[in-house]
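Dear colleague,

Please find below the structure that I am handing over to you, followed by an account of what was found in it. I would be grateful if you could read the account with the structure open.

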Amino acid sequence: MKKHPLKLLIILLIILLYSSPVYANDVVVVLDPGHGGDSLGGHNDMFQEMYLNMEVAKYAKERLEQYEGVVVYLTRDNAESENTTLKERAEFAAAHNADFLFAIHFNMSEKHKLYGAEVWTSAFGEYYSKGQEFGHIEMDALVNETGFYDRGVKTKVSNKDKNTDYYGSIREARELEIPCVIIEHCHMDEERDYNYLLEHSDAYKTLGYLDADAIAKYYRLSSASLGVDYSNYDRETFPAPEGPVYTDKTAPTYCSVTLDEVDTENNTATITVNSHDDESYLIYYQISTDEGENFGRLFPWNNDPNAKKSSKTDSITVTVPLKEGEESSIVVRAQNLVDQYADSEVLKLPAGSITETEEESSTDSEYNSLSDSSVMDETEYEEIEYEWDDSVKRKNIVDSDDLLLFVIAAIGLLLIICMTALIFAGKIRKNKRKRSRNRRQQK
Ligand SMILES: [Zn+2]
């Protein structure tokens with residue numbers, strides 16, 4: 001039987017259209033620089049979050065595009081220009097067939113005392129698994145390369161609906177079946193973190209590249225131009241949970257403090273703080289020198305980043321200053337991964353020896369530095385979920401690459417339809433001839 005040349009052409013066209021769409025096997029990553037337009041994000045005298053997010057996202061895109069097998073989109077490329085809802089950002093990701101949506105942010109806390117990095121993930125199923133797997137790669141990089149404190153890779157379930165995530169970016173992405181994490185790189189309002197941003201001229205580039213490399217490790221990508229190969233990258237795995245995963249719902253169960261040693265020569269005392277948390281673990285402590293009225297700055301509960309994950313120590317030893325010629329009393333507060341805390345009983349400290357030198361003032365200032373704040377609790381700002389008026393038109397999110405692909409696909413489809421029609425027309429004519437031939441033969 002002779003093959004129809006048109007049939008061959010159509011088969012060829014179909015193969016062309018469906019075997020080599022431009023990005024068939026590529027990982028599609030959508031980076032979402034948080035806030036923008038009328039939503040500045042966190043802001044103070046030094047920083048406006050929307051600009052920081054955009055800067056980091058652009059560096060991340062630039063770096064990630066140097067890897068093979070990945071396509072990268074930004075939800076927006078100008079911090080000032082557009083108001084974009086979290087739903088629209090998720091829809092943008094869906095429209096580009098995103099494998100993952102990464103929301104890029106910087107943090108602030110209500111009392112300006114929290115410091116460190118955190119990654120928020122979905123609390124549900126495979127979205128939890130993927131978020132946690134990426135989140136731990138990202139957190140390790142942040143801790144090791146920038147020295148930011150590890151505030152955890154965490155989930156937060158909505159208070160209103162136990163079947164949804166609290167944070168809008170993650171919730172909207174999950175609605176569209178896209179895994180999403182929120183990367184809170186560090187705090188813009190606490191000196192340990194903002195000093196990093198101020199003292200490193202390439203801080204945002206470092207963070208953007210770090211994000212990109214973490215994504216590359218997660219997807220086991222390689223880059224000939226960068227000379228890196230993560231194809232065998234061994235990442236920690238997290239099985240998909242049945243129900244929602246709650247990071248922690250309660251405060252530490254207790255906090256107690258004992259006096260170990262008094263050093264009158266140096267006017268210091270050594271104390272041991274014991275605390276325990278059943279659900280998560282302790283990350284900070286702070287001390288009050290006025291019986292729990294006011295607390296000073298937050299100190300890391302455990303300075304060893306690796307120890308935090310594995311041993312989750314409940315006991316720490318701290319050296320505190322003694323007041324010269326005056327008894328004093330302190331209260332220690334232990335704070336867990338979700339910033340809930342437990343306070344110790346009051347511990348009386350003996351009077352320190354009076355020194356005739358100017359050291360008096362330095363001891364005083366040490367005390368002051370422990371109690372220089374007038375606030376007691378630490379509640380982190382909740383992520384502000386901006387819902388824009390529906391009359392704000394969604395911006396055109398179809399970029400030129402997509403348009404080209406669409407036009408090629410449309411032309412291809414049109415050709416297929418035309419050719420199929422031609423073949424059918426030919427067949428019908430052939431059948432007609434056959435039938436009339438048969439009729440003639442029957443007659
Ligand atoms: Zn933000």
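Two strands are taken to pair if DSSP finds at least two bridges between them. With that criterion in mind, A269 stands opposite V320 in β13. Please note that this is a predicted model.

The six-stranded sheet

Another open sheet consists of 6 strands, ordered β2-β1-β3-β6-β4-β5, and its pairing is mixed. Its edges are formed by β2 (70-74) and β5; each has a single partner strand, so one side of each is left without a neighbour in the sheet. On average, and with direction ignored, neighbouring strands of this sheet are turned by 20° against each other. Helix α2 (residues 49-64) packs on the sheet and touches β1 (27-33), β2, β3 (100-107) and β6. The direction of α2 makes about 140° with that of β3. Helix α7 (residues 203-218) lies across β1, β3 and β6, and runs at about 150° to β3.

Which residues lie on each of its two faces? A117, V119 and T121 are on one side, while E118 and W120 are on the other, and all are buried, so that both faces are covered.

On the β5 side, 4 bridges join β4 to strand β5 (residues 150-155), and the two run parallel. T121 has T155 as its bridge partner in β5. Together with helix α4 (residues 125-146), β4 and β5 make a right-handed β-α-β unit. Strand β6 (residues 180-187) is also joined to β4 by 4 bridges, but here the strands run antiparallel. The bridge partner of V119 in β6 is I183.

The α3 and α5 helix pair

How do helices α3 and α5 cross? The axes of helix α3 (residues 86-95) and helix α5 (residues 168-175) come within 8 Å and cross at roughly 45°. That angle makes α3 oblique to α5. The crossing of the two helices is right-handed. On the α3 side, L86, K87, R89, A90 and A93 take part in the contact, and they meet G168, S169, E172, A173 and E175 in α5.

Individual residues

Two residues other than glycine with positive phi values may be of interest to you. H35 is not a glycine, yet its phi is positive, at about 65°. This residue lies in the loop between β1 and α2. H35 counts as buried because it has 27 C-beta neighbours inside 10 Å, the cut-off being 20 or more. N97, which is likewise not a glycine, has a positive phi near 55°. N97 is found in the loop between α3 and β3. Is N97 buried or exposed? With 12 other C-beta atoms within 10 Å, N97 is exposed, since a residue counts as exposed at 12 or fewer.

P300 is located in strand β12 (residues 299-300). Its 18 C-beta neighbours inside 10 Å make P300 partly exposed, because that class lies between the limits for buried and exposed. Not counting residues up to four places away in sequence, P300 touches Y149 and Y284. P300 and Y149 are 151 residues apart along the chain, and their C-alpha atoms are separated by 8.0 Å.

Yours sincerely

Methods
Residues are numbered from 1 along each chain as its sequence is written. This is a predicted model: local features need pLDDT of at least 70, side-chain atom pairs count only at pLDDT 80 or more; totals for chains, interfaces and linings use all residues. A crossover is right-handed if, with the strands pointing away from the viewer, the path from the first strand over the helix to the second runs clockwise. Axes are lines fitted to C-alpha atoms, for helices over the stretch in contact, and angles run from 0 to 180 degrees between N-to-C directions. Angles under 35 degrees count as roughly parallel, over 145 as roughly antiparallel, 65 to 115 as roughly perpendicular and the rest as oblique. A crossing is left-handed if the near helix is turned anticlockwise from the far one by less than a right angle, and right-handed if clockwise. Two residues are in contact if their C-beta atoms, placed from the backbone, lie within 7 Å.
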